[in-house]
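The entries follow in the order in which I looked things up.

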Amino acid sequence: MRFLILTLLVALMGCSNLPPPQRTDANPVVHDGNAEKGIEKAIVVIPGALASVQLFAPVLEWDIPDSTVIAYRFPGVDGLELNHRVDIIDSAALIARHLNALEAEEVYLIGYSTGGPIALETARRLRTENVQIAMISSASDSPAAALASLKGALDVIKAMFRAKRPGLEETWAENYRTLLYGRDHFTKEEQAEQSRRLAAMQRGQLTTPPNKMTMAHTADLMTWYLEDPEDLADVRIGFFHGAEDSVFSNDMTRRYARRLHADGFKSYEGQGHLLFVTEPELFDDVRAFFGLS
């Protein structure tokens, strides 16, 4: 455990040399071409560490009148170079600047995992009065991310011992199964078979992410803490979380939601961290929470 903590601290120090998103040539914020000043509805999607905005594919297909979909891309993903870091506050400030320039009447933020905290920090910087947030498999503030990293390292070790063949690809496939349905699903025949099938479909795509990318995406979350949650009192917040999430526990996230006085908490029984893979109704539930027809 001491070795894991030391490794984490060293990695955090190394990541601090990367600049924030404001100091890059390519803008991490992109839109669908409809982002014009005075638009009625702005829908913003923010992925998590090592994730593409394509996880929000159903949202990108929503057909909502007088709306635009805006996406925040992480460094090294979706065409961006790995030349900056994800900073929770700086990333949020960048998104908020774009939204405030639009002067949209309504803003809908959807944050997945690390994207959840970015969505919260974005909301508190908006001039728009009508703001709603959907927090999907969301991180809560410190020390949740540090605990998740330590538990995640143990999950990888367990996955290595579960793998029937040697090699990192087999280890990542087994760990992917844990992310899908949690740590206890292996004894449930139907879910275990489903996770085996889904992991098999990912073979060849599950690779070890570069350390530089991992830390650029996650380092700031390790120490981020939500100051003055009362600033979000007028923001409507809903949580969508897997009951068996192995990254950010359901119980810890519920406590976080109560602290934020969230307007809803939907827990998906038997589901893990990758709700966008395992729960086909996820984005329909988000849309219903927003009241978007």
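Entry one, helices H5 and H6. I looked up this pair and found that H5 and H6 pack at an angle of about 120°, with their axes 8 Å apart. Axes here are lines fitted to C-alpha atoms, for helices over the stretch in contact, and angles run from 0 to 180 degrees between N-to-C directions. The angle makes H5 oblique to H6 (under 35 degrees counts as roughly parallel, over 145 as roughly antiparallel, 65 to 115 as roughly perpendicular, and the rest as oblique). I noted that H5 and H6 cross in a right-handed sense (left-handed if the near helix is turned anticlockwise from the far one by less than a right angle, right-handed if clockwise). On the H5 side the contact is made by Asp155, Val156, Ala159, Met160 and Arg162, and on the H6 side by Thr171, Trp172, Glu174, Asn175 and Thr178, where contact means heavy atoms within 4.5 Å. By class, this contact of H5 with H6 has four nonpolar, three polar and three charged residues (Ala, Val, Leu, Ile, Met, Phe, Trp, Tyr, Cys and Pro count as nonpolar, Asp, Glu, Lys and Arg as charged, and the others, Gly among them, as polar).

A note on the source: I am reading a predicted model, in which local features need pLDDT of at least 70 and side-chain atom pairs count only at pLDDT 80 or more, while totals for chains, interfaces and linings use all residues. Residues are numbered from 1 along each chain as its sequence is written, and side-chain values use heavy atoms, with hydrogens and water left out.

Entry two, helices H6 and H7. For H6 and H7 I recorded a packing angle of about 125° and axes 9 Å apart, which makes H6 oblique to H7. The crossing of H6 and H7 is right-handed. From H6, Ala173, Tyr176, Arg177, Leu180 and Tyr181 meet Gln191, Ala192, Gln194, Ser195, Arg196, Leu198 and Ala199 in H7. I sorted the residues of this contact of H6 with H7 into seven nonpolar, three polar and two charged.

Which residues line the second largest pocket? I listed Arg162, Ala163, Lys164, Arg165, Glu170, Glu174, Arg177, Arg196, Ala199 and Arg203, around about 210 Å³ of space. Helix H6 (168-181) and helix H7 (189-201) are the elements that give two or more residues to this lining, and H6 gives the most, with three residues. By class, the lining has two nonpolar, no polar and eight charged residues. A pocket, on a 1 Å grid over the protein atoms alone, is an open set of points where a 1.4 Å probe fits, with protein on both sides within 12 Å along at least five of seven lines, and lining residues have an atom within 4 Å of a point.

I noted a cis peptide bond between Ser142 and Pro143, with omega about 15°; Pro143 lies in the loop between strand E5 (130-136) and helix H5 (144-162). I also noted Leu50, whose phi is near 65°, a positive value in a residue other than glycine, and which sits in the loop between strand E2 (41-46) and helix H2 (57-60). Helices (H or I, at least four residues) and strands (E, at least two) are DSSP runs, numbered from the N terminus.

Terms used:
Points joined across faces, edges and corners; volume = space filled by probe spheres on them.
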